[in-house]
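Please open the structure in your viewer and keep the selection tool at hand. This tour moves from one selection to the next and says what is found at each stop.

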Amino acid sequence: MAQTLTEKLLARAAGKDAVATGETVLTDVDVLMTHDVCGPGTIGVFKREFGDSARVWDPRRVVIIPDHYIFTSDERCQRNVDTLRAFANEQGIETFYDVIDDPQGRWRFDAAAGPLTSQHGRRYAGVCHSALAEKGHTRPGEVLIGTDSHTCTAGAFGEFATGVGNTDAAFVLGVGKILLRVPESMRFVLDGALADGVMAKDVILHIIGLVGVDGATYRAMEFAGDGIASLSIEDRMTIANMGVEAGAKNAVFPADRATCDFVDAAGKANGTARPYECLSPDGDAVYADTTVIDLSALEPVVAQPPDPAQVVPARQCTDVKLDRAYIGSCTGGKGSDFDAFAAIVRGRTVAIETFGVPATPAVLAHLRQATLGGQTLWDILVDAGVTMTANAGCAACLGGPGDTFGRMNEPLTCISTTNRNFPGRMGDLQGRIYLASPATAAASALAGHIADPREALP
Amino acid sequence: MSEPITGHVFVVGDNIDTDQIIPAEHLSLVPTVEAEYRALGSFALSGLPVADSAERLVPEGEQTSPYAIVVAGRNFGCGSSREHAPIALGAAGVKVVIAESFARIFFRNCIATGELYPVECTHRICDDLRTGDELTVDLAAERIARADGSADWPIRPLGEVRDVIAAGGLFAYARATGLVARRSTP
Ligand code: SF4
């Protein structure tokens, strides 16, 4: 029977030749990822169900990435990082990207040090979805399960990647397997290439606007077409990342040369390389539907509050006055996101309070090294008036404790490169969040209202 | 669970995401710690952007809710994978959420934790019911009805899901079916 890419991936993991849509299969898990918000609860369920002295199924396949509530004085948040460390030590999990270097230490945040002092140790990796890729834990052909809804990001690498809760994750920790219902797939054929000022974020917002916030519920999103080759790996990550905002179970790109180059380099640099297999869908596979998207015809868009499907062209929203701009997160805080943002704000000054949070320490290093017109990106941002932090992580993408960098503690209107704009997402319950690409966020930060970045291009 | 569940309903709208069910600032609470589990209950649905005067699922200063049933529109539980969401509702004493549709991870987390029944009703009852109305949910008969019998609607069969939740969630079910070894000591 002809198989979609998702069916191929699940069949491989279930040790079967083929699987059928709607079938529930018990599949092997290649990597289980958890973080500081869901890890302690997952560990709690694991111990409750398998016993205090239980061992995880394979410590080399468990990746623990504290990233959410790190740079906060909240003691319970600090305790949660300590809980992860104790578990990693007990289980011999080496792929624990601790906040501190001392394996016997305790994490204590020092608010007085200020946001420009990196407070983490050498192993700290930042936002989990970016870190998974940078550290070589994403590979074609595999099944990645994470206790975070944006685990679907890793579908950019030709694997099946999805988010689950603590109980499902604890089950995986114990047995290395998960029960999955095989989803039907929606196919998106990408043609052509994006015009200047239009970014991958605009592609996925456009798609979410088309299908709605629940249009892909219980389904896979599968990308195809010649246009994929024109998208960088980071672009594909941005697109796969927000599949869950349309309700999708997973979002997957077929692996190509660029995928393998990225994966091989990351595996080699971090000593995490493992053999992998690139799978492709069958030509006559059956899809729930197929949508052709001409990338060259897309324009910059924003998603208006209160949900990510309220998508309209940025040029139609120029009357929306802004109080704040925010660049950061697994969706919009990567190196290429800051490249686009810096190119627009270079030599100019933002008109509103603007916060910048690198997703990972590697992104921070990029900002400090890469230059544009003889100036580092970091200096360009700071000179433009952007309030930066050297503490990479999730920060205000999901609000968090009151002292979180960039959190909306009042009912402001904010343009953000993040992925969700439901009420209260970045803090204040009455805050209004417009989701946009880094280019649109940059042009809007300069203007003080929503602006089309094509008019602000250097 | 074959006994019908009767209780007062708390009515919300479409796209109630996990931040509204349990605001992110409370996610440092670890659900497997008993006191923190109860604390999660006190914050259930506290992220709704409503006027201060509006009815809350869990009254100020309390840990449990007078409402056993939450009624919603489309895409209930969309957003994050946080299991804190069904757990907060379950800890508050909610037994059933009835929605036009659910987001996938929330639905899955209801089953895995066994905290509450996610019931789909294709009729948009969130438009017909008001907070405080009394409803009876009969999972075995696959119907819900106003407690005074003045109206009733069919629900989508939960199938095997009902057995998993009734057993207490994924692990109880996995032990019963041999996916995970039975405990040697009770
Ligand atoms: S950056 Fe935002 S969306 Fe991404 S993992 Fe962190 S909180 Fe979640």
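Begin by selecting the ligand together with its surroundings, where 13 residues form the shell, the closest being S329(A), C330(A), C394(A), C397(A) and L398(A). Bear in mind from here on that this is a predicted model. If you now colour the helices of chain A, you will find that α4 (128-134) and α9 (329-332) each supply at least two residues of the shell around the ligand. Colouring chain A by domain shows that the shell draws at least three residues from each of domain 1 (5-179) and domain 3 (302-453). A colouring by residue class gives six nonpolar, six polar and one charged residues around the ligand.

Next, select chain B on its own and follow the chain from the N terminus, along which the elements run β-α-α-β-α-β-α-β-β-β-β-α-α, a total of six helices and seven strands. Its C-alpha atoms fill a box of roughly 50 × 40 × 25 Å when this is taken along the principal axes. The radius of gyration of chain B is 16 Å, which agrees with the value near 16 Å that a compact globule of 186 residues would have. Buried residues make up 54% of the 186 residues in chain B, and, among its contacts with a separation of 6 or more, 67% are between residues 24 or more positions apart.

With both chains shown, turn to the place where they touch: 35 residues of chain B are in contact with 43 residues of chain A. On the side of chain B that touches chain A, the helices α1 (18-21), α4 (104-113) and α6 (170-176) each supply at least two residues, and α4(B) gives the most, with six residues. By class, this side of chain B has 14 nonpolar, 13 polar and eight charged residues.

For the last stop, which residues have the most contacts inside the largest nonpolar core? They are V345(A), I69(B), A88(B) and V97(B), in a core of 218 residues. To see which element gives the most to this core, select helix α6 (residues 200-211) of chain A, which contributes seven residues. Finally, centre the view on A88(B), which, when its neighbours within four places in sequence are left aside, is in contact with I21(B), I22(B), L40(B), G41(B), F43(B) and A44(B).

Terms used:
Residues numbered from 1 in each chain as written. Chains lettered and ligands numbered in written order. Predicted model: local features only at pLDDT ≥ 70, side-chain atom pairs only at ≥ 80, totals over all residues. Core = buried A, V, L, I, M, F, W, Y, C linked by C-beta atoms within 7 Å. Buried ≥ 20, exposed ≤ 12 C-beta atoms within 10 Å, placed from the backbone. Helix = DSSP H or I, 4+ residues; strand = E, 2+ residues; numbered from the N terminus. Contact = placed C-beta atoms within 7 Å. Nonpolar A, V, L, I, M, F, W, Y, C, P; charged D, E, K, R; others polar. Rg over C-alpha atoms; globule rule 2.2 N^0.38 Å. Near = placed C-beta within 6 Å. Domains from an automatic or database assignment.
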